[in-house]
Amino acid sequence: MIAHHDNPTETCRQTIQAAIDATKSAAERNRLGQFATPNALALDIARYVGSLIGQRKGGIRFADPSIGSGSFFSAALAVYGPKRIGSAVGVELDPAFAGAARDLWADAGLEVVQGDFSRVVANASCPPAPNLILANPPYVRHHHLNRADKERLQRLAFKMTGVEVNGLAGLYVYFVLLATAWMEDDGYAAWLIPSEFMDVNYGAALKRFLTDRVTLIRAHRFDPDDVQFGDALVSSVVLVFKKAPPQPDHKPQFTFGRTLDRPQACDRVSLDHLRASRK
Ligand SMILES: C[S@@+](CC[C@H](N)C(=O)[O-])C[C@H]1O[C@@H](n2cnc3c(N)ncnc32)[C@H](O)[C@@H]1O
């Protein structure tokens, strides 16, 4: 369903998103992990992150490593306003979405790089490091990654972050690691990713990264029975973190259900407790 906004570009984006989606089969969308973030959720995420970052004019250097048609850039513009966004870059593999994002948002200052983020980020001509990443990376499962690609991703993740990623991990795990390596120190990131990594062995490396290498601020899990955003979120989590080593007494906030600003349940958990628990 297309929601109507005060912002005509956002209304246009939703129409274009639906038109591009309609040209693809479910199998094709699965292969590239093409399920867009509902704009209402992108706005919720941008608002929450906005409560953490400073107000400096031009201070935000935005990036989305898999921008699609730009739901998160649209939300960033709406929530922070154009004057606070000093630069913005989106990477996108699919030429149809890269072209759409460019047509929609270039006038608002978005630079779109068409290509595979995992190659763009490893390239010497990679765009300058952002200090804010809002992202919903492709949910491509490991068996859709060919062997050579998986080995390349594992080597690159190790080189850029020192993390050894299990071969069963999906593409989104590499996105989180590589994009965080790219991001400036003390930058903030929000990631909408599948929550499965919290419960399985192959998620261990990402869990350690979140407890030891960055300061995890918030993890919000959606209620699988809540269909407010359609089926897209049944097993998703929003992770918000700062790229800075955590203080030993830091306690990330874990919330569950409803929305980010009105969760159904809320708890704080110490890093020691998180490190010790397998799930
Ligand atoms: C889950 S969608 C999210 C799109 C957009 N960020 C949003 O929130 O609506 C993931 C996007 O990643 C793109 N994609 C898939 N593989 C990619 C890659 N290796 N590098 C960059 N983008 C990729 C897909 O074409 C798709 O547009």
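Analyst: Let's start at Asp-186, which is partly exposed with a relative accessible area of 48% (buried means under 20%, exposed over 50%, partly exposed in between, with a 1.4 Å probe and protein chains only). This is a predicted model, in which local features need pLDDT of at least 70 and side-chain atom pairs count only at pLDDT 80 or more, while totals for chains, interfaces and linings use all residues. Residues are numbered from 1 along each chain as its sequence is written, and side-chain values use heavy atoms, leaving out hydrogens and water.

Asp-186 belongs to the loop between α8 and β5 (188-194) (helices are DSSP runs of H or I with at least four residues, strands runs of E with at least two, numbered from the N terminus). Although Asp-186 is not a glycine, its phi is positive, about 70 degrees.

Rings of Phe, Tyr and Trp (its six-membered ring) pair if their centres lie within 6.5 Å; planes under 30 degrees apart count as stacked, over 60 as edge-to-face and the rest as tilted. The centres of the Phe-117 and Trp-182 rings are 5.7 Å apart and their planes stand at 50 degrees, so the pair is tilted. Both Phe-117 and Trp-182 are buried.

Phe-117 leads us on to the ligand. Among the 23 residues around the ligand, those that come nearest are Gln-34, Thr-37, Ser-66, Glu-92 and Phe-117 (a residue is near if one of its heavy atoms lies within 4 Å). A polar backbone atom of Phe-117 is 2.9 Å from a nitrogen atom of the ligand. Two further polar contacts (pairs of N or O atoms within 3.5 Å) involve ligand nitrogen: a polar side-chain atom of Asp-64 lies at 3.1 Å, and a polar backbone atom of Ile-67 at 3.5 Å. On its own the ligand has 590 Å² of accessible area, and the protein covers 97% of it (Shrake-Rupley method, 1.4 Å probe).

Methods: Polar contact = N/O pair within 3.5 Å; in protein donor to acceptor, adjacent residues only side chain to side chain.
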